[in-house]
Amino acid sequence: MSASTADQPLAGLRVVEVSTFVAAPLGGMTLAQLGAEVVRVDPLGGAADHTRWPLAESGTSLYWAGLNKAKRSVAVDLRSAAGQELVTRLIADSGPGGGIVLTNSVGRGWLGYPALADRRPDVIHLQIEGHPDGSAAVDYTVNAELGFPLLTGPAGHADPVNHVLPAWDIACGLYAAIGLLGAERRRARTGEGSALAVALSDVALATAGNLGFLAEAELGQPRPRLGNYLYGGFGRDFTARDGTRFMLVTLTARHWRDLVAATGLAEPVTALEKALGVDLAEEGDRYECRELLAALLDRWFADHAGTEVSEVLGRTSVLWTVYRSVAELVGSDEVRANPMMRVVDQPGVGHHLAPGSPIRAGERTVARAPVLGEHTDTVLAGWLGLTDPEIRELHDRGVIRSAPREG
């Protein structure tokens with residue numbers, strides 16, 4: 001354990017992660033970036049996500065590298081009895097801070113809670129599932145089941161519109177991390193282990209319920225498609241004279257007053273309030289009048305260049321930003337100056353910006369992702385106390401594999 005890791009909130013915690021795709025790897029990385037020693041166990045040659053797009057020119061997965069930062073990597077023949085026993089030992093014999101498993105692997109009884117609890121009664125096991133009945137699901141299918149693609153897109157559009165952000169995977173991974181920490185706190189108090197499970201579809205369903213989507217539909221108030229309008233308030237995209245595109249949001253009465261004053265629209269806005277009998281300081285009234293208000297602001301934006309708009313809005317409390325591409329984002333000064341970001345030298349990728357934990361807990365460091373099998377020998381020696389001859393024997397039998405030595 002390095003000095004910087006020892007100062008982190010989760011220092012001393014040992015987690016074995018057997019996972020693929022987004023939710024489980026994100027949960028493990030969340031713990032690792034807060035100081036836990038997370039060992040990702042993969043089959044020889046890598047799991048299904050090891051070569052998932054996007055790829056660097058070398059063929060190295062940027063996706064895999066992004067979701068496995070700060071972890072250690074062990075490559076094991078998970079189909080062999082010897083490999084399964086080795087992983088079981090990593091879980092059962094990993095010391096007082098260990099015995100924690102995070103997985104979305106299915107159909108492996110030896111990796112399930114009952115089998116592991118026989119070897120270590122205080123084991124903490126969290127299983128990520130697609131559906132709570134154990135059937136498969138991914139973010140795209142769960143999102144479609146919940147109806148969100150039929151709420152996304154422009155008004156009047158008939159077809160479903162998927163979005164690119166795997167929101168349910170992200171939420172599920174963070175729930176998994178919280179669940180493990182909660183179980184570990186309970187174990188510290190009682191000495192008892194835990195069997196936990198979280199289903200991707202349940203995470204999505206709970207979030208839809210928590211945000212009121214389910215209740216409004218049940219009460220006969222289905223939400224319409226609104227394009228880029230803000231639901232229940234006033235916000236939308238606008239285009240300046242030179243083509244610069246802005247996203248603008250007013251959530252409070254102060255936001256609205258500042259926007260009206262800054263754009264010089266007090267007179268037409270007052271006339272609109274009198275004509276319609278509304279109070280546009282009220283969020284609901286702004287929502288009901290959104291198209292009329294947008295028409296007024298469309299003209300104002302069209303009369304001003306992007307720099308002028310930025311100067312005007314910058315002097316107000318209004319929430320706004322300029323639309324930009326990911327390429328523009330990564331090249332921006334604020335991203336490169338963000339202390340969460342560091343340049344890492346990722347094997348197969350080279351030097352590039354990568355984020356550490358967004359949680360500020362003392363000095364933040366950013367560790368690159370491991371190469372598949374990079375820490376096989378050191379973890380087996382450090383966690384299990386295997387000798388060099390024992391490790392060589394496992395290599396010779398094809399039970400484990402280490403990353404090729406550079407050079």
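Predicted model: local features only at pLDDT ≥ 70, side-chain atom pairs only at ≥ 80, totals over all residues.
Q: How do helix H10 and helix H13 pack, by angle and distance between axes?
A: Helix H10, residues 253-263, packs against helix H13, residues 290-302, at an angle of about 40 degrees, and their axes are 11 Å apart. The two helices are therefore oblique to each other.

Q: What is the hand of the crossing where H10 passes H13?
A: The crossing is left-handed.

Q: And which residues make the contact?
A: H10 contributes Trp256, Leu259, Ala262 and Thr263, while H13 contributes Leu293, Leu297 and Trp300. By class, six residues of this contact are nonpolar, one is polar and none is charged.

Q: Moving on to aromatics, how many aromatic pairs are there?
A: The count comes to nine aromatic pairs. One of them joins Phe234 and Trp256 in an edge-to-face arrangement, 5.9 Å centre to centre with 75 degrees between the planes.

Q: Which parts does that pair tie together?
A: Phe234 lies in strand S7, residues 234-239, and Trp256 in helix H10, so the pair ties together parts that are 22 residues apart in sequence.

Q: Are Phe234 and Trp256 buried or exposed?
A: Both Phe234 and Trp256 are buried.

Q: What about the rings of Trp300 and Phe301?
A: Their centres are 5.1 Å apart and their planes stand at 85 degrees, so this pair is edge-to-face. Trp300 is buried with a relative accessible area of 8%, and Phe301 is buried with a value of 0%.

Q: Which residues form the aromatic cluster?
A: One cluster is formed by Phe234, Phe238, Phe246, Trp256, Trp300, Phe301 and Trp320.

Definitions and conventions:
Residues numbered from 1 in each chain as written. Heavy atoms only, no water. Axes fitted to C-alpha atoms, helices over the stretch in contact; angles between N-to-C directions. Helix = DSSP H or I, 4+ residues; strand = E, 2+ residues; numbered from the N terminus. Parallel < 35°, antiparallel > 145°, perpendicular 65-115°, else oblique. Left-handed = near helix turned anticlockwise from the far one by under 90°. Contact = heavy atoms within 4.5 Å. Nonpolar A, V, L, I, M, F, W, Y, C, P; charged D, E, K, R; others polar. Phe/Tyr/Trp six-rings, centres within 6.5 Å; stacked < 30°, edge-to-face > 60°. Buried < 20%, exposed > 50% of the residue type's maximum accessible area, 1.4 Å probe, protein only.
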